[in-house]
Amino acid sequence: MIYTVTLNPCLDYVVAVPGFQSGRVNRAGYERIVPGGKGINVSYVLNILKQDNLALGLVGGFTGAEIERLMTKDNIQHDFVYIQNGNSRIDVQMVDGIESSINGVGPLITQEDIDALCDKLQQLEDGDTLVLSGSVPRGARDTVYSDILRSVSHKDIYIVVDAKGPLLLNTLKYKPFLIKPNRQEMIDIFYVKPDSIDDIIRYAKSMQSMGARNVLVSLSADGAVLVTENGDIYRHSAMEGKVHNTVGCGDSMLAGFLAGYHQNQNYVEAFQLSLAAASANAFHEGRGTYAEIMQLLDRLHREIDE
């Protein structure tokens with residue numbers, strides 16, 4: 001079973017405003033409200049890929065209740081800790097040719113909230129996968145992900161981390177099975193801009209020397225690179241298509257990799273499914289469908305065979 005953890009979930013209010021004018025009354029072309037947060041996004045795409053998973057995390061207030069309601073409606077299994085104070089955040093994503101975001105403040109959590117989540121994580125069994133993904137709410141320390149991993153350190157599980165800066169670095173002592181930084185996150189960690197794919201690979205290997213077993217680097221328009229614990233390196237440019245949506249592409253890539261790896265523990269197939277899932281997200285106004293992901297995976301196989 002794959003368990004995702006989202007400490008700072010949200011309601012994503014996505015609104016298209018063609019020809020937006022600052023200081024004027026603007027009318028929306030379309031709008032949608034969906035549960036958000038990186039771990040939740042991963043759970044949604046895992047569900048699309050027919051991979052059993054359970055979404056965990058912290059929710060609060062009327063927004064938290066709506067996150068749960070929408071996930072139940074969408075048949076996404078979840079078991080959140082309901083915090084006593086504050087509301088889960090609302091993030092506004094406005095589309096007007098380009099995408100602009102306003103992220104809400106979110107609640108102030110307590111150590112008791114984290115402890116309650118750690119109690120839920122004791123249900124994990126050896127061989128399960130735990131995904132720690134995304135930002136953390138106010139009140140959480142930079143060690144919160146490593147604190148969570150300490151609470152399950154007696155279990156033989158696959159650890160997956162998609163986080164920034166100290167949140168990620170503090171988990172490396174637990175030797176995560178997979179981490180998924182992007183280019184900017186590598187810059188933030190190493191304080192040097194990677195100028196080439198060779199630089200990306202070198203920094204990925206540096207993160208392996210810190211403890212990461214496998215490193216999957218999402219590179220937006222440049223595709224992705226996977227550096228495995230076996231010393232193998234796989235890279236592929238972004239698939240061609242009309243981009244409608246870049247929000248959640250990294251989360252779809254991570255979900256695709258996990259779903260692919262869980263099928264038969266093959267890194268090549270996992271990497272290819274990660275690319276197809278990320279591309280389906282990019283070419284779709286929301287999350288890609290199963291059929292779209294499979295069509296892109298078939299296309300990717302044909303491109304590789306040529």
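**Exercise 1.** How many bridges join S9 to S10, and do these strands run parallel or antiparallel?

*Solution.* Before starting, note that this is a predicted model, in which local features need pLDDT of at least 70 and side-chain atom pairs count only at pLDDT 80 or more, while totals for chains, interfaces and linings use all residues. Residues are numbered from 1 along each chain as its sequence is written, and side-chain values use heavy atoms, with hydrogens and water left out.

Step 1: Find the strands, which are DSSP runs of E with at least two residues, just as helices are runs of H or I with at least four, numbered from the N terminus.
Step 2: Count the links: two bridges join S9 and S10, and the strands run parallel. Strands pair if DSSP finds at least two bridges between them.
Step 3: Pick out one link: valine 160 has leucine 178 in S10 as its bridge partner.

**Exercise 2.** Look at the other pairing of S9: which residue is the bridge partner of leucine 132?

*Solution.* Step 1: Strand S8 (residues 129–133) runs parallel to S9, and five bridges join them.
Step 1: Leucine 132 is partnered with valine 161 in S9.
Step 2: Follow the chain from S8 through helix H4 (residues 144–151) to S9; this β-α-β crossover is right-handed. That term applies if, with the strands pointing away from the viewer, the path from the first strand over the helix to the second runs clockwise.

**Exercise 3.** Describe the aromatic pair that tyrosine 158 and phenylalanine 177 form.

*Solution.* Step 1: Rings of Phe, Tyr and Trp (its six-membered ring) pair if their centres lie within 6.5 Å; planes under 30 degrees apart are stacked, over 60 edge-to-face, and the rest tilted.
Step 1: Here the centres are 5.1 Å apart with 85° between the planes, an edge-to-face pair.
Step 2: Tyrosine 158 is in strand S9 (residues 158–162), and phenylalanine 177 is in the loop between helix H5 (165–169) and strand S10 (178–179).
Step 3: Compare their surroundings, where buried means under 20% relative accessible area, exposed over 50%, and partly exposed in between (1.4 Å probe, protein chains only). Tyrosine 158 is partly exposed at 29%, whereas phenylalanine 177 is buried at 2%.

**Exercise 4.** Is glutamine 93 buried or exposed?

*Solution.* Step 1: Locate glutamine 93 in strand S6 (residues 89–96).
Step 1: Its relative accessible area is 13%, so glutamine 93 is buried.
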